[in-house]
Amino acid sequence: MSGDPARFLTAFAQALATMTLYAEGHPARERAIDTAYKELHDLQAATVQPLFTFLGDEIVYGNLPLKGLGGWDWSQRLAQAGIQRLQFSDRVTKDEFETFLDEILARLTLSAIDTTMASPMRSSAIKYGAVGVRGDASIDAESSHLPTATISYSLAEETDTLRWVHDEVSAKGFIPLVEAEAVVRSLSVAMHSGRQFMIPLLQLKEFDQYTTTHSLNVSVLAMALAEFLGLGARDVQAFGIAGLLHDLGKVRIPIEVLTKPGRFTDEERLIMNRHPADGARIILTSENRLDLAAVVAYEHHIMLNGEGYPTMQFRRDCHFASKLVHVCDVYDALRTTRPYREAWPQERTLAYIDGRSATEFDPVLAGAFTRMMRQRETQVAVVVDKEAPIAAQPAAGG
Ligand SMILES: [Fe+2]
Ligand SMILES: [Fe+2]
């Protein structure tokens with residue numbers, strides 16, 4: 001029996017619908033769960049790690065749009081409940097599958113499930129989420145005990161996805177755009193999921209994750225600043241993508257150079273400094289809709305006074321989006337621990353940006369950024385997922 005993704009989704013939705021109607025133990029409920037479980041089993045016989053992405057009207061299976069689900073309105077509902085990705089990375093038992101259905105149902109009905117209890121029991125073979133929030137403020141909207149400064153987000157799904165995006169680019173030279181856009185959408189949902197606007201930032205825990213966590217942070221900061229400046233939703237999204245992809249050219253840098261703990265040799269510095277041009281080239285060759293992201297990738301290390309790299313033959317002004325991403329990029333780089341220095345505290349970083357306003361940074365953007373960060377300071381969420389201690393980190397600049 002060959003598996004079929006559309007048939008699995010239909011059975012999955014049927015099981016969820018039936019579960020809202022019948023209590024545990026009812027034959028109809030058991031039957032619906034059995035059918036969905038069997039469809040999953042068949043699907044995994046054909047594809048070991050099926051991956052679904054729900055993007056409102058669109059459903060993507062692996063990286064191909066899924067057809068044949070006309071009138072299936074669950075994609076929208078799942079996406080709205082913060083479930084934009086669903087992946088089965090290994091075989092699951094019937095019990096695990098049922099627990100997973102319960103969790104999904106709880107999210108869909110916004111019932112306050114105790115996620116701190118549920119998470120450790122959850123099978124790691126089933127990964128889902130958009131925001132992957134634990135102790136989610138949107139689910140537990142009534143809760144008043146959540147500390148504003150330290151709501152603990154898990155952007156683990158987004159981190160995994162972006163790492164996969166980088167692997168794909170590195171292997172195939174091609175950007176899986178649907179996934180990249182899904183990550184940006186998730187970040188935007190995370191930013192707005194609390195009662196107040198928040199800036200959820202990842203804290204680096206493992207040195208080889210630097211490019212991933214840094215890219216996610218720059219994406220969040222770029223969207224936050226664009227929104228703070230009053231730009232419209234489409235621009236905010238485009239800036240989020242540009243932030244996410246600004247360092248894409250780093251996939252071409254050998255890992256020994258990227259993670260070198262000491263100073264760069266001249267040759268290594270040259271290799272490092274190629275990443276803006278490489279990134280722009282990768283973006284343009286894989287997707288011409290991303291011209292803004294390509295410009296940003298190319299210009300994000302160029303300072304207002306023309307210093308930085310790549311060297312410009314003729315002095316010219318950089319794109320507004322590049323100048324915006326540049327501020328966010330420097331902020332996140334300074335706030336992260338490096339092998340040669342500790343992470344800078346918030347105020348010192350903001351003072352640095354203020355101090356270099358009009359030389360390195362566009363004064364309007366630097367002013368808006370520091371104002372935004374001072375206003376939002378208590379709402380910055382520390383995002384920690386992995387337990388691993390902070391190890392040596394790459395010397396890679398910004
Ligand atoms: Fe960079
Ligand atoms: Fe960067």
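Phe88 is placed in strand β4, which spans residues 85-88, where strands are DSSP runs of E with at least two residues and helices are runs of H or I with at least four, both numbered from the N terminus. The model is a predicted one, in which local features need pLDDT of at least 70 and side-chain atom pairs count only at pLDDT 80 or more, while totals for chains, interfaces and linings use all residues. Side-chain values rest on heavy atoms, with hydrogens and water left out.

With a relative accessible area of 0%, Phe88 is buried, a term that denotes under 20% relative accessible area, against over 50% for exposed and values in between for partly exposed (1.4 Å probe, protein chains only). Beyond its neighbours within four places in sequence, Phe88 is in contact (heavy atoms within 4.5 Å) with residues including Phe8, Leu40, Phe52, Phe100 and Ile126. Ala125, also in contact with Phe88, is 37 residues away in sequence, with a C-alpha to C-alpha separation of 5.6 Å.

Rings of Phe, Tyr and Trp (its six-membered ring) are paired if their centres lie within 6.5 Å, and are classed as stacked for planes under 30 degrees apart, edge-to-face for over 60 and tilted for the rest. This rule gives eleven aromatic pairs. Tyr331 and Phe369 form an edge-to-face pair, at 5.1 Å centre to centre and 65° between the planes; this pair links distant parts of the chain, 38 residues apart, with Tyr331 in helix α14 (residues 320-334) and Phe369 in helix α16 (residues 363-376). Tyr331 is buried at 2% relative accessible area, and Phe369 is buried at 0%. Ring pairs also join Phe8, Phe12, Tyr37, Phe52, Tyr61, Phe88, Phe97 and Phe100 into a cluster.

Terms used: Residues numbered from 1 in each chain as written. Chains lettered and ligands numbered in written order.
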